[in-house]
Amino acid sequence: MSRLLLFRHAKSSWNETSLTDFDRPLAQRGLRAAPMMGQYMQANDLLPDRILCSSAMRTRETLAAILPFFHHDLKIELLREIYDTHDDDYRALIATHGGDAETLMVIGHNPSIHDTALVLVSDGDPGAMQRLREGFPTGALAVIDFDEPTASTPEPGSGRLVAFIKPRELEAMLAEHGVALSQN
């Protein structure tokens, strides 16, 4: 059994009009959401063996915000290819760079991150499936399980969507239960 964690970068800023799209940093909302998602991943044992992360500024900042919640050995690859992809989804990139990871995380961009999830899942949690079909907002995380031993060879429709977590929904749920977020 293997797992793929598809994580869209947190909310980015459009304030600096002189910056290229590649160089846009996270917005304040993204700087709050990314560590909250990292804490969620840690608390739910969603810990990757390998991370493939776009080399764009907003994805690197998202990665930096979640790393304090991972206290284990893992491999990280920063890839311009994730930002530059002209494919509809990340399957070829996952096959090329995923290696033997049992739990692989890809930190990327829309529309490719959303398209990848839609292509790979055929069933799963009904509520999560519905939320995924509606869109893949910034900072969201799709957790997809496969029967294959590694996450680097997923076939279309072979995955089960275990969870789809949006930062705003997680924040509301935590507030409703009076849960304070730690910084790691």
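Colleague: Which residues are linked with D21 in a network of salt bridges?
Modeller: This is a predicted model, so pairs of side-chain atoms count only at pLDDT 80 or more. Together with D21, the network holds R24 and R58.

Colleague: Is R24 buried or exposed?
Modeller: Buried means under 20% relative accessible area. R24 has a relative accessibility of 6%, so R24 counts as buried.

Colleague: How many residues apart in sequence are the parts that R3 and D145 tie together?
Modeller: R3 and D145 form a salt bridge, with their closest N and O atoms 2.6 Å apart. R3 sits in strand β1 (residues 2–8) and D145 in strand β6 (residues 141–146), so the parts they tie together are apart in sequence by 142 residues.

Colleague: What is the relative accessible area of D145?
Modeller: The cut-off for a buried residue is under 20%. D145 falls in the buried class, and its relative accessible area is 7%.

Colleague: Where does D147, the salt-bridge partner of R160, lie?
Modeller: The side chains of R160 and D147 meet at 3.4 Å, N to O. R160 belongs to strand β7 (residues 159–165), and the pair ties together parts 13 residues apart in sequence, because D147 lies in the loop between β6 and β7.

Colleague: And is D147 buried or exposed?
Modeller: R160 is partly exposed, with a relative accessible area of 25%. Exposed means over 50%. D147 has 61% relative accessibility, so D147 counts as exposed.

Colleague: How many salt bridges does the structure hold?
Modeller: The pairs we discussed include R3 with D145 and R160 with D147. For the structure, the count of salt bridges is nine.

Colleague: Stepping back, what is the radius of gyration of the protein?
Modeller: The C-alpha trace spans about 40 × 40 × 35 Å along its principal axes. A compact globule with 184 residues would have a radius of gyration near 16 Å. The protein agrees with that, because its own value is 15 Å.

Colleague: What share of the contacts with a separation of 6 or more comes from residues 24 or more positions apart?
Modeller: The protein has seven helices and seven strands, and buried residues make up 50% of its 184 residues. Among contacts with a separation of 6 or more, the share from residues 24 or more positions apart is 75%.

Methods:
Residues are numbered from 1 along each chain as its sequence is written. This is a predicted model: local features need pLDDT of at least 70, side-chain atom pairs count only at pLDDT 80 or more; totals for chains, interfaces and linings use all residues. Side-chain values use heavy atoms; hydrogens and water are left out. Helices (H or I, at least four residues) and strands (E, at least two) are DSSP runs, numbered from the N terminus. The radius of gyration is taken over C-alpha atoms; the globule rule is 2.2 Å times the number of residues to the power 0.38. Buried means under 20% relative accessible area, exposed over 50%, partly exposed in between (1.4 Å probe, protein chains only). Contact means heavy atoms within 4.5 Å. A salt bridge is a side-chain nitrogen of Lys or Arg within 4 Å of a carboxyl oxygen of Asp or Glu.
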